[in-house]
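Visitor: I am new to this structure. Could you walk me through how to read it?
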Amino acid sequence: MCGRTACSLGADNLRRACAYRDRRGQRRQPEWVRAERYRPSYNKGPQSSGPVLLSRRHLQQDADSSERVLMDMRWGLIPSWFKKDDPSKMQFNTSNCRSDTMLKKSSYKGALLKGKRCVVLADGFYEWQQCSGRKQPYFIYFPQTKDAVAEGKEGDEEWRGWRLLTMAGIFDCWEPPAGGEMLYTYTIITVDASKDVSFIHHRMPAILDGDEAIRKWLDFAEVPTQEAVKLIQPTENIVFHPVSTFVNSVRNNAPECLAPIELGAKEVKATPGSKVMLDWLKNSQEGSPQKKENDLPRWTSQFIHSPSPKKTSADILQQWLRKEGEPAVKKRKV
């Protein structure tokens, strides 16, 4: 399943990280719709808002369906036919949607058949492994290259760094019966977990790996539903590391949520490598008092590059540690 995510990029940087090529092959950045509502977070849960990509044609009927926009939507789908005056009165959880029933359940079927497909953006997602009467959280994300922790050079036009996780979702638009502002909400589609992460949980988000998959999922005018749903498959192209139970409380919103830890100690403590990563996160992310946005590492968009070679989080951390002159951290077995 997917019940918690992180998305720490600021609004402008998120837009740059989502650069893509349109139908004519031109490089574009998706425009924000109501960007002022977006709030970065290291710990997003259902009922909070998060960034999604969708086709501009959903908002503008004469637009090219290959054009993309960014919108902040509430997590937990409220179907357009919901009749009560308060969306919190929904009696069942719609934060996740099983791929095997999404064309059967009324909450999702109507929206999906109308082409209301979106891509949910995140640094990665958290999942909890049940072990020895307790739950151990993990952070799961796309494999990264050494550029993920490299400083961008002044004058770079593209981002060079962390590759955002792109999850398939369905959205809908609900209008209060008494009138008022339209509410946009989404659900994340889930599939059987891939072999690598099945020991953590038996379900995982449906991840769209690469711009071609993203294009087909979003372009509802060119790609019919029955064709698009073929993209909904488990992926092996992910890596993970254990994190502190600090993330268990959704009220905790800090880089410590996704920092790697060592397992096995009676009391879980941050490793030297974790502390280096924390320092980097604190100093490089938007909103940090140490850096202005123009000084942040620029990240190459994952949408206009081939998939990254598979590397573990430990490999990336080793590269960062060597760069900083710190002793290398030993790789964990999980």
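Guide: S1 and S5 run antiparallel, joined by 2 bridges. In that pairing, Cys7 stands opposite Ser41 in S5. Keep in mind that this is a predicted model.

Visitor: What holds strands of a sheet together?

Guide: Strands of a sheet pair through backbone hydrogen bonds, either parallel or antiparallel. Here, 5 strands form an open sheet with antiparallel pairing, in the order S5-S1-S10-S11-S15. S5 and strand S15 (239-242) are the edge strands, and each pairs on one side only. On average, neighbouring strands of this sheet are turned by 30 degrees against each other, direction ignored.

Visitor: Which strands does S10 pair with in that order?

Guide: S10 sits between S1 and S11 in the order. Strand S1 (residues 5-7) pairs with S10 in the antiparallel sense over 2 bridges. There, Ala6 has Gly124 in S10 as its bridge partner. On the other pairing, S10 and S11 run antiparallel and are joined by 7 bridges. Phe125 stands opposite Ile140 in S11.

Visitor: How many residues of S10 are buried?

Guide: Of the 8 residues in S10, 7 are buried, so the strand is mostly covered. Cys131 is buried too, with a relative accessible area of 18%. The cut-off explains that label, because buried means under 20%.

Visitor: Is Ser132 buried or exposed?

Guide: Ser132 counts as exposed, at 80% relative accessibility.

Visitor: Where does Gln47 lie?

Guide: Gln47 is in the loop between strand S5 (41-44) and strand S6 (49-55). Gln47 is not a glycine, yet its phi is positive, about 80 degrees. Gln47 is partly exposed, with a relative accessible area of 48%.

Visitor: Now the helices. How do I find the covered side of one?

Guide: An α-helix has 3.6 residues a turn, so residues three or four places apart point the same way. Take helix H2 (residues 106-113). Its buried residues include Ser107, Tyr108, Ala111 and Leu112. They cover an arc of only 100 degrees around the axis, which puts them on the same side of H2.

Visitor: What covers the buried residues of H2?

Guide: The cover includes strand S8 (96-98), strand S9 (117-122), strand S12 (165-174), strand S13 (183-192), H3 and helix H4 (225-228). After H2 comes Gly115, with a positive phi near 85 degrees.

Visitor: Which residues are buried in helix H3?

Guide: In helix H3 (residues 211-218), Asp211, Ala213, Ile214, Trp217 and Leu218 are buried. Seen down the axis of H3, these fall within an arc of 160 degrees, so they line one face of the helix.

Visitor: How many salt bridges does the structure hold?

Guide: The structure holds 19 salt bridges. One of them joins the side chains of Glu181 and Arg34, at 3.3 Å from N to O. Glu181 lies in the loop between S12 and S13, and Arg34 in the loop between strand S4 (31-33) and S5, so the pair ties together parts that are 147 residues apart in sequence. Arg34 counts as partly exposed, at 23% relative accessibility.

Visitor: Where do Asp172 and Lys116 lie?

Guide: Asp172 forms a salt bridge with Lys116, with the closest N and O atoms 2.9 Å apart. Asp172 lies in strand S12 and Lys116 in the loop between H2 and S9, so the pair ties together parts that are 56 residues apart in sequence. Both Asp172 and Lys116 are buried.

Visitor: Which residues are linked in a network of salt bridges?

Guide: The network links Asp22, Arg23, Arg24, Arg28, Glu31, Arg56, Asp64, Glu67 and Asp219. Within it, the side chains of Arg56 and Glu67 meet at 2.9 Å, N to O. Arg56 counts as buried, at 15% relative accessibility. Glu67 is buried, with a relative accessible area of 15%.

Visitor: How many disulfides does a search of the whole structure find?

Guide: The search finds 0 disulfides. Cys257 is buried, with a relative accessible area of 0%.

Terms used:
Residues numbered from 1 in each chain as written. Predicted model: local features only at pLDDT ≥ 70, side-chain atom pairs only at ≥ 80, totals over all residues. Heavy atoms only, no water. Helix = DSSP H or I, 4+ residues; strand = E, 2+ residues; numbered from the N terminus. Buried < 20%, exposed > 50% of the residue type's maximum accessible area, 1.4 Å probe, protein only. Pairing = 2+ DSSP bridges. Arc of directions from axis to C-beta. Axes fitted to C-alpha atoms, helices over the stretch in contact; angles between N-to-C directions. Disulfide = S-S within 2.5 Å. Contact = heavy atoms within 4.5 Å. Salt bridge = Lys/Arg side-chain N within 4 Å of Asp/Glu carboxyl O.
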